[in-house]
Amino acid sequence: MVTKIKRIAILTGGGDCPGLNAVIRAVAKTAIHHYGVEVIGILDGFGGMINNKSIVLQDQHVSGILHRGGTILGTTNRDNPFRYPVRQQNGKTIWGDVSEQAIANLEKMGVDALVVVGGDGSLSIAYELFQKGVPVVGIPKTIDNDLSATDLTFGFDTALTTATDAIDKLHTTAESHHRVMLLEVMGRNAGWIALHSGTAGGGDVILIPEIPFTYEAICEKIAERRRRGKKFSIIVVAEGAKLPDGQLVYQEMVPDNPHLNKLGGVANVIGSIIQQQCQVQTRVTVLGHLQRGGTPTAFDRILGTRFGVKAAKLIMEKQFGSMTCLKGNEILSVPLGDAVKEQKLVKPDSELVQAAKAVGISFGD
Ligand code: F6P
């Protein structure tokens, strides 16, 4: 039972995204200056908790980092304390539960509560730790924007701005060469980045996991544009878009840890098929980790700051097992258990999909 909060810890888990430093800064500055509490930064996500790696965060560590991408604490999407590779005496490695060790390390660090900044994977771990008695507050992070309990995650706006910029650049070269340009964007099994950047960038076709497509519909859209004198087309493809036979395209499979399977390459497959089927010249750009890097947008800095300040407040109020969220324009909190229950996907009949269709964007359906 936590009595008075004197020292808190913060870790960033999973894939990085722009805005993490804004969150770390906000949590630390609020805790130190507003509540008079010490802050420990756990290094490299849950790996640092398992292996007892941390630093004391003082104002000087979090000053000047607001505009910087990445995370000053480091991160990993591999170290899950409930499923951790443990080397046996016989040389074999098995998956073991090292959560007790991780919790003991937290106690060694002398912390009274933990802030976990993460996506669904890290927040699920945070929830399991909470169920084991660790006082945890979560903050939702991911460029994919696929967490259901919050209207937006920070990092998404920066990723979609990068993707929109790429579409703008592809437009000029597509037009010069009368080509069909495909841009593959991230997002895992959700189409948020593709839908938003494709709409903002004026894409002609957007392919997302939530809406099945046919090659015929794509070719018809390209042909219809040609009839109108538009000899080029831009196709924005979410990495998780399913081929017409329902298959996903992976660049790497990790058989003993399938959640680490790496999506990627679907735009190359689609590009070569429509080159033949539609008799057009195609070129494919896979935007990749550019979407995760660089300076956060003003929106993500502000959202990250609001989430960080709210998380510090939730900790001081001992509202453990909760996660900060954005609802409308309000920063609120939800139970962590609810937050990790289901993935937020694009609804095919949602207003934005309808708006995109109304201005002539095809979803290949
Ligand atoms: O979840 C964020 C994300 O960038 C996804 O959009 C993408 O599929 C995945 O992470 C890439 O992960 P990694 O950095 O491990 O290649």
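A residue is called buried when its relative accessible area is under 20%, exposed when it is over 50%, and partly exposed in between (1.4 Å probe, protein chains only). Gly-119 counts as buried because its relative accessibility is 9%. Keep in mind that this is a predicted model, where local features need pLDDT of at least 70, side-chain atom pairs count only at pLDDT 80 or more, and totals for chains, interfaces and linings use all residues. Residues are numbered from 1 along each chain as its sequence is written, and side-chain values use heavy atoms, with hydrogens and water left out.

So where is Gly-119? Look in the loop between S6 and H5; helices (H or I, at least four residues) and strands (E, at least two) are DSSP runs, numbered from the N terminus. Leaving aside neighbours within four places in sequence, Gly-119 is in contact (heavy atoms within 4.5 Å) with Lys-141 and Leu-147. Asp-16 is 103 residues away from Gly-119 in sequence, yet the two sit 9.5 Å apart in space, C-alpha to C-alpha.

S6 (residues 113–118) runs parallel to S7 (residues 136–140), and 5 bridges join them; two strands pair if DSSP finds at least two bridges between them. Val-115 stands opposite Val-137 in S7. Both strands belong to an open sheet of 7 strands with mixed pairing, in the order S3-S2-S1-S6-S7-S14-S15. S3 (54–57) and S15 (330–335) are at the edges with a single partner strand each, so one side of each has no neighbour in the sheet. From one strand to the next, the twist averages 30°. H5 (residues 120–131) lies across S6, S7 and S14 (322–327), at about 165° to S7; axes are lines fitted to C-alpha atoms, for helices over the stretch in contact, and angles run from 0 to 180 degrees between N-to-C directions.

Next, have a look at H6 (residues 156–177). With 22 residues at 1.5 Å a residue, H6 should span 32 Å, and its end C-alpha atoms, 31 Å apart, agree with that; the expected span is 1.5 Å times one less than the number of residues. Among the buried residues of H6 are Phe-156, Leu-160, Ala-163, Ile-167 and Leu-170. Their cover includes S8 (180–185), H7 and H10 (298–316). Just after H6, His-178 takes a positive phi of about 55°.

Finally, H7 (residues 192–200) meets H12 (residues 351–358): their axes come within 11 Å and cross at roughly 35°. Leu-195, His-196 and Thr-199 of H7 make the contact with Leu-352, Val-353 and Ala-356 of H12.
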